[in-house]
Amino acid sequence: MGKLKFGLSLAPWALQAATIPQVSAQINRQVVFHLSLPPTQPPMLPRKLLLWRRPTHAQALARRLLRSTSLSDTDDDPPFTRIPKPQPPRPPSPPPKPKAGASKIRPDEPESSDLPFDFRYSYSETDPAWRPIGFREPTRFSPFGPGRLDRPWDGVAAAARGDCGDAKECGVGGRSREEVLGEPLSEVEVAELVERYRHSDCSRQINLGKGGVTHNMLDDIHNHWKRAEAVRIKCLGVPTIDMDNICFHLEDKTGGKIIHRNINILILYRGRNYDPTQRPVIPLMLWKPLAPIYPRLVQNVAEGLTFEETKELRNRGLNSSPLMKLTRNGVYVNVVDRVREAFKTVEVVRLDCSHVGTSDCKKIGVKLRDLVPCVPLLFKDEQIILWRGKINQENSDSAQSDSKPL
């Protein structure tokens with residue numbers, strides 16, 4: 001059945017017999033007839049003009065299946081059949097590479113190091129004279145990993161095994177520290193190195209945080225020394241209270257030399273005769289060991305005072321104005337001098353350590369106790385109360401008596 005515009009249809013025999021002018025004339029007559037009808041009545045189509053029926057989905061699917069079966073027949077061989085190209089054989093896959101021994105959890109042989117000092121997590125923030133009263137984890141778990149180091153771990157440090165007892169004498173690669181450093185640098189060479197590494201955008205920089213001079217930091221310093229003569233170290237946090245201690249441990253543990261020091265910025269020089277191929281073996285710590293338990297820092301009653309006097313000093317310190325306000329991971333280079341200067345006029349000093357953290361507050365109190373010296377009385381709500389103690393009073397009295405003319 002052929003279908004035309006305006007919803008009209010013609011029989012097949014009519015399409016074959018009629019010419020184009022006749023068909024157009026018949027269409028025009030039917031259009032005029034439909035337009036002449038009133039709008040309320042629907043147009044009437046002749047019964048002979050039947051509508052063309054579209055094939056259903058099932059019929060279309062059946063036709064496609066018949067076509068596919070006819071094309072897939074083996075007898076059907078059209079003249080233009082695409083011949084698949086032969087693919088070259090794939091080369092055999094290479095055997096897997098053996099993994100390095102360092103990536104094993106338990107290597108075949110434990111690693112040995114000829115460094116003459118005990119391995120600790122932090123060298124600048126711990127003192128070998130402090131003996132813990134307990135541990136938060138079993139001491140058999142070494143932070144270097146099971147069977148990876150030939151030094152036993154006692155919960156605090158891995159004791160050294162060697163004849164050399166001083167790091168400065170042993171140096172690097174079996175040579176003394178003086179041999180590695182060579183001749184001293186001239187002022188022109190020092191100024192050139194300082195100008196190259198003192199800027200904040202220097203790529204050879206290591207950040208020293210509240211952990212201080214850690215064990216893995218030694219390996220980072222030697223990695224920088226492979227391609228650079230010096231490394232820039234930026235110090236922040238609690239270790240900046242005692243910068244002399246940081247400089248000592250950096251020179252003692254690495255064998256280098258501090259050629260520049262500006263507030264909290266250090267430049268560590270490797271030496272003229274430093275050879276990266278003869279760098280020492282530094283086994284890495286796989287995790288940070290839990291801090292051991294030490295004796296209590298603040299006693300209920302301060303030494304040399306009664307309970308009432310200790311309580312009165314604590315209340316006086318809490319009600320006094322803070323001497324300084326310390327920020328988190330700040331630079332505390334001038335804290336010791338400020339506290340010493342304040343103890344010349346007052347007996348109790350308060351430090352505001354808001355947002356610093358309880359752990360850092362206690363570390364600050366320990367360093368001030370040894371450097372000022374003073375007596376920590378209270379750590380409460382991130383406030384540090386320090387008492388100058390009776391020793392300072394006795395020293396001041398003796399100094400005044402010595403200054404008097406005879």
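Good morning. I begin with His355, which is found in the loop between strand E10 (348-352) and helix H11. Please bear in mind throughout that this is a predicted model.

What is particular about the backbone at His355? His355 has a positive phi of about 65 degrees, although it is not a glycine. Is His355 buried or exposed? Its relative accessibility is 66%, so His355 counts as exposed, the cut-off for that class being over 50%.

A second residue belongs beside it. Ile263 is not a glycine either, yet it has a positive phi of about 60 degrees. The place of Ile263 is the loop between strand E7 (257-262) and strand E8. With a relative accessible area of 54%, Ile263 is exposed.

Val372 and Pro373 are joined by a cis peptide bond, with omega at about -10 degrees. Pro373 sits in the loop between H11 and strand E11 (375-380).

In general, rolling a probe the size of a water molecule over the atoms shows where empty space is left. The largest pocket in this model has a volume of about 1,600 Å³. Which residues lie nearest its centre? They are Glu125, Thr126, Trp130, Tyr294 and Lys363, out of 42 residues that line the pocket. Sorted by class, the lining holds 19 nonpolar, 8 polar and 15 charged residues. Helix H8 (243-254) and helix H11 (358-371) each supply at least two residues of that lining. H11 gives the most, with 8 residues.

I turn now to charged pairs. Side chains of opposite charge can pair when their charged atoms come close. The structure holds 12 salt bridges, and I shall describe some of them.

One joins Asp370 and Arg369, with the closest N and O atoms 3.3 Å apart. How accessible is each partner? Asp370 has a relative accessible area of 47% and is therefore partly exposed. Arg369 is also partly exposed, at 30%.

Another salt bridge links Arg198 with Glu195, and here the closest N and O atoms are 3.1 Å apart. Arg198 has a relative accessible area of 39%, which places it in the partly exposed class. Glu195 is partly exposed as well, with 42%.

Glu341 and Lys344 also meet through their side chains in a salt bridge, at 3.5 Å from N to O. Lys344 counts as exposed, because its relative accessibility is 63% and the class begins over 50%.

Finally, I come to a nonpolar patch. Which residues form it on the surface? They are Phe141, Leu286 and Trp287, which together have about 300 Å² of accessible area. Trp287 lies in the loop between strand E8 (265-269) and helix H9 (307-319). With a relative accessible area of 36%, Trp287 is partly exposed.

His355 and Ile263 each have a positive phi without being a glycine, and His355 and Ile263 are exposed. Thank you for your attention.

Technical notes: Residues are numbered from 1 along each chain as its sequence is written. This is a predicted model: local features need pLDDT of at least 70, side-chain atom pairs count only at pLDDT 80 or more; totals for chains, interfaces and linings use all residues. Side-chain values use heavy atoms; hydrogens and water are left out. Patches are made of residues with over 30% relative accessible area and no salt bridge: like charges are joined within 9 Å, nonpolar side chains (Val, Leu, Ile, Met, Phe, Trp, Tyr) within 5 Å. Accessible areas come from the Shrake-Rupley method with a 1.4 Å probe; for residues, only the protein chains shown count as cover. A salt bridge is a side-chain nitrogen of Lys or Arg within 4 Å of a carboxyl oxygen of Asp or Glu. Helices (H or I, at least four residues) and strands (E, at least two) are DSSP runs, numbered from the N terminus. Buried means under 20% relative accessible area, exposed over 50%, partly exposed in between (1.4 Å probe, protein chains only). On a 1 Å grid over the protein atoms alone, a cavity is a set of points where a 1.4 Å probe fits but cannot get out, and a pocket is an open set with protein on both sides within 12 Å along at least five of seven lines; lining residues have an atom within 4 Å of a point. Grid points are joined across faces, edges and corners, and a volume is the space filled by probe spheres set on the points. Ala, Val, Leu, Ile, Met, Phe, Trp, Tyr, Cys and Pro count as nonpolar, Asp, Glu, Lys and Arg as charged, and the others, Gly among them, as polar.
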